[in-house]
Amino acid sequence: MTAMSLDIDRVRSRYPALREGYAHFDGAAGTLVAARAATAIADVTGGAVANKSSAFAAGRRALAIVADARSAIADLLGAVPEGVVFGQSATALTYLVARTLAEGWPPGDDIVVSRLDHDANVRPWVQAAGRVGATVRWAEFDPDTGALPVEQYHDLVGPRTRVVAVTGASNAIGTMPDVAAIAAIARAAGAMTYVDGVHRTPHEPVDLAELGADFYVTSAYKWSGPHLATCVADPMLWEGLRPEKLVPSPDAVPERFEYGTLSFELLAGVTGAVDHIATLLTDGVPAPEPGSDRRARVLESMAAVRAYEHRLFTTLLAGLAEIPGVSICPAPAAGCPTVAFRVGDQHPGQTAEILGDEGICVFAGDYYAYEYFQAMGLRESGGAVRASIYHYTTSGEVDRLVDAVKRCR
Ligand SMILES: Cc1ncc(COP(=O)(O)O)c(C=O)c1O
């Protein structure tokens, strides 16, 4: 084993739920929770953790949990802790940001959304635009390649564009648009870029500065953590925004954007999940030091994850492509390891059930990639089966999936 490759047995030993024996190709809908995250959650619920207070130990623990989670997210994404806003889900956070930003837009401004995106990065913008009379412009993907061509943004983005909302990776077919190029076009026109990083974060090293994203949203349950999400931006950007809020709730950034009492137990799980990622290449002890050490280890881990997952994904694609009657939704080669396919004219829901009966977990439907499946003409007839590789997937499981699909016909 080289220093930079995953030891799959060690990785899998950190997921207690794998003992159940299922082959999980459903990570795009939510991964299993890593032991480190689960333990961190249990420790909070089983210990004395009060609401935030500096007056007594249990309150100070809550303060520390929040601070630790902000710094963990900063290390995961290359952000600063003061710019990390937590919320219930990526959908809820995007609604909040869209609603807040749109309040200042005069009628006639415009926004750009894409048909490759999960609806969570489409509808909040479309609805916010509708309320203030802004125009919605649509970036189209190429149905033959699954790519989201950058050039179209030169035409779509203009002097009155406020926001370009774009996915970091498609949750349907894995396409990773050239976000940096799109963000550069937006920035040159004075527009902001809001990146849905929900499907990208589990599979790729992420660096916000490299992406050029003004906002980046991700959900921890897609990368071994609990059901909690974060939206990250420069604290100065948050400073300029005034969300609706309670009168006595904190006005400081980032708390200004966090409604009610945060889930301390889940925040501890978020930190546990980031530490899990940071220690994927080691024996996990001791915990990584927050800051540059953990950041460097996250990047190393994610580079190894990407290499590992892509190796398996290549085998999976080749195996599926050889099965007569299987049609694969086209996608660029360098995307995230997620494939959407159909088996002959079998309803995707039926395929998923057949595979489910064999202990293989896949999703079927549109998985809220509503515009994508609508544009492909597949939504009404059931969308597609989706299989997603994660870093606990084994090559044996890939073979098992391919063999099972052969039998679905
Ligand atoms: C790409 C993408 N964006 C957004 C979401 C929505 O995330 P959440 O459930 O945190 O709102 C999902 C969930 O499947 C997703 O895959």
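Me: How many salt bridges does the count come to in this predicted model?
Reply: The model is a predicted one, and a salt bridge is taken here as a side-chain nitrogen of Lys or Arg within 4 Å of a carboxyl oxygen of Asp or Glu. By this rule the count comes to 23 salt bridges.

Me: Which parts of the chain does the salt bridge of arginine 306 and glutamate 204 tie together, and how many residues apart in sequence are they?
Reply: The side chains of arginine 306 and glutamate 204 meet at 2.8 Å, N to O. Because arginine 306 lies in helix H11 (residues 292–321) and glutamate 204 in the loop between E6 and helix H8 (208–211), the pair ties together parts that are 102 residues apart in sequence.

Me: In the open sheet of 7 strands, which strands stand at the edges?
Reply: The order of this sheet is E2-E8-E7-E6-E5-E3-E4, with mixed pairing, and its neighbouring strands are turned by 20° against each other on average, direction ignored. A strand at the edge has a single partner strand, so one side of it is left without a neighbour in the sheet, and this applies to strand E2 (84–87) and strand E4 (135–139).

Me: What residue in E8 does tyrosine 216 stand opposite?
Reply: Strand E7 (residues 215–219) pairs with strand E8 (residues 229–233) in the antiparallel sense, over 5 bridges. Within E8, the residue opposite tyrosine 216 is valine 232.

Me: Where is serine 224 found, and what is its phi?
Reply: Serine 224 is found in the loop between E7 and E8. Its phi is a positive value in a residue other than glycine, near 80°.

Me: Which helix lies across E2, E5, E6, E7 and E8, and what angle does the direction of helix H5 make with that of E3?
Reply: Helix H4 (residues 90–102) is the one lying across E2, strand E5 (161–167), strand E6 (192–196), E7 and E8, and it runs at about 155° to E7. Helix H5 (residues 123–132) also packs on the sheet, where it touches strand E3 (110–114), E4, E5 and E6, and its direction makes an angle with that of E3 of about 160°.

Me: Are helices H2 and H10 roughly parallel or roughly antiparallel?
Reply: Helix H2 (residues 35–46) and helix H10 (residues 264–278) have their axes 7 Å apart and pack at an angle of about 155°, in a crossing that is right-handed. Since angles over 145 degrees count as roughly antiparallel, H2 is, relative to H10, roughly antiparallel.

Me: How many nonpolar, polar and charged residues does the contact of H2 with H10 have?
Reply: From H2 the contact draws on Arg36, Ala37, Ala40, Ile41, Val44 and Thr45, while the residues of H10 include Phe264, Leu266, Gly269 and Asp275. By class, the contact has 8 nonpolar, 4 polar and 3 charged residues.

Me: Which residues of H11 make the contact with H10?
Reply: H10 and H11 pack at an angle of about 65°, with 7 Å between their axes, and by class their contact has 5 nonpolar, 2 polar and 3 charged residues. Thr271, Val274, Asp275, Ile277 and Ala278 of H10 take part, and from H11 the residues are Arg294, Arg297, Val298, Ser301 and Met302.

Me: Are H12 and H14 roughly antiparallel or oblique to each other?
Reply: Helix H12 (residues 348–357) and helix H14 (residues 395–408) pack at an angle of about 125°, with their axes 10 Å apart. Thr351, Ile354 and Leu355 in H12 meet Leu401, Ala404, Val405 and Cys408 in H14, and these residues divide into 6 nonpolar, 1 polar and no charged. Roughly antiparallel requires an angle over 145 degrees, and H12 and H14 are therefore oblique.

Key:
Residues are numbered from 1 along each chain as its sequence is written. This is a predicted model: local features need pLDDT of at least 70, side-chain atom pairs count only at pLDDT 80 or more; totals for chains, interfaces and linings use all residues. Side-chain values use heavy atoms; hydrogens and water are left out. Axes are lines fitted to C-alpha atoms, for helices over the stretch in contact, and angles run from 0 to 180 degrees between N-to-C directions. Helices (H or I, at least four residues) and strands (E, at least two) are DSSP runs, numbered from the N terminus. Angles under 35 degrees count as roughly parallel, over 145 as roughly antiparallel, 65 to 115 as roughly perpendicular and the rest as oblique. A crossing is left-handed if the near helix is turned anticlockwise from the far one by less than a right angle, and right-handed if clockwise. Contact means heavy atoms within 4.5 Å. Ala, Val, Leu, Ile, Met, Phe, Trp, Tyr, Cys and Pro count as nonpolar, Asp, Glu, Lys and Arg as charged, and the others, Gly among them, as polar. Two strands pair if DSSP finds at least two bridges between them.
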